[in-house]
Amino acid sequence: NFAHIDGDKDLNKWQGSQIALIGYDELTHFTIPQFFYMLSRNRSGCGVVPYIRATCNPDVDSWVAEFIEWWIDQNTGYPIPERSGKLRYMARLNNEIVWADEIDQLIQKGIARHDIKSVTFIASTVQDNKILLENDPSYLANLKALPLVERERLLNGNWKIKAAAGLFFKRTQVG
């Protein structure tokens, strides 16, 4: 079944739902309340272990950028290759996320095992989509034709770039 959320006002229609797999296309387009409310619907009584998967493009101003910041080099904005796919553990307490590299680190802080969720971020670029590039090799040219900020985000996976003075026109180019 495919469905959508048209803003926070739609969340009540999901009350009582039991959803073993929740998939987000462009997680950066969803709000924190939407994500965590739907996390409460991610449950299963049928034996299927519940899980969530999400895709997204880099957006420096989104809550997702902060959520995955451990996997991103905060100086360059690019994913840290050796951290891609590495599991981390989190618990959300009073709207604050507490992170740890090992589940036992959170348990030692007094957080119950059943309150801990595992999270990972797998870095990817268009180069990883071999089928798309084989079927439509011109798509790469489309991304390369984008203005600098959008090209860095959508082609190169930069989570930190944003429009700024001097980024579009060099002072030496303006007479």
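**Exercise 1. Determine which residues Arg153 is in contact with, leaving aside its neighbours within four places in sequence, and state whether Arg153 is buried or exposed.**

Solution.
Step 1. In this predicted model, once neighbours within four places in sequence are set aside, Arg153 is in contact with Pro58, Asp59, Asn158 and Ile161.
Step 2. Arg153 belongs to helix 6, which covers residues 148-154.
Step 3. The relative accessibility of Arg153 is 16%. The cut-off for buried is under 20%; Arg153 therefore counts as buried.

**Exercise 2. Identify the polar partners of the Arg153 side chain.**

Solution.
Step 1. A polar atom of the Arg153 side chain lies 2.5 Å from the backbone oxygen of Pro58. Pro58 is also one of the residues in contact with Arg153.
Step 2. A polar contact of 2.8 Å joins the side chains of Arg153 and Glu150.

**Exercise 3. Classify Cys46 and Cys56 by accessibility, and state how many disulfides are counted.**

Solution.
Step 1. Cys46 has a relative accessibility of 58%. Because exposed requires over 50%, Cys46 counts as exposed.
Step 2. Cys56, with a relative accessible area of 26%, is partly exposed.
Step 3. A disulfide requires cysteine sulfur atoms within 2.5 Å; by this rule the count is 0 disulfides.

**Exercise 4. Describe the largest nonpolar core and the elements that supply it.**

Solution.
Step 1. The largest nonpolar core comprises 25 residues, and those with the most contacts inside it are Tyr24, Leu27, Phe35, Met38, Phe67, Ile68 and Trp159.
Step 2. At least two residues of this core come from each of strand 1 (21-24), helix 1 (32-41) and helix 2 (63-67).
Step 3. Another core, of 6 residues, lies apart from it and includes Tyr89, Ala91, Leu106 and Ile116.

Terms used:
Residues numbered from 1 in each chain as written. Predicted model: local features only at pLDDT ≥ 70, side-chain atom pairs only at ≥ 80, totals over all residues. Heavy atoms only, no water. Helix = DSSP H or I, 4+ residues; strand = E, 2+ residues; numbered from the N terminus. Buried < 20%, exposed > 50% of the residue type's maximum accessible area, 1.4 Å probe, protein only. Polar contact = N/O pair within 3.5 Å; in protein donor to acceptor, adjacent residues only side chain to side chain. Contact = heavy atoms within 4.5 Å. Core = buried A, V, L, I, M, F, W, Y, C linked by side-chain atoms within 4.5 Å.
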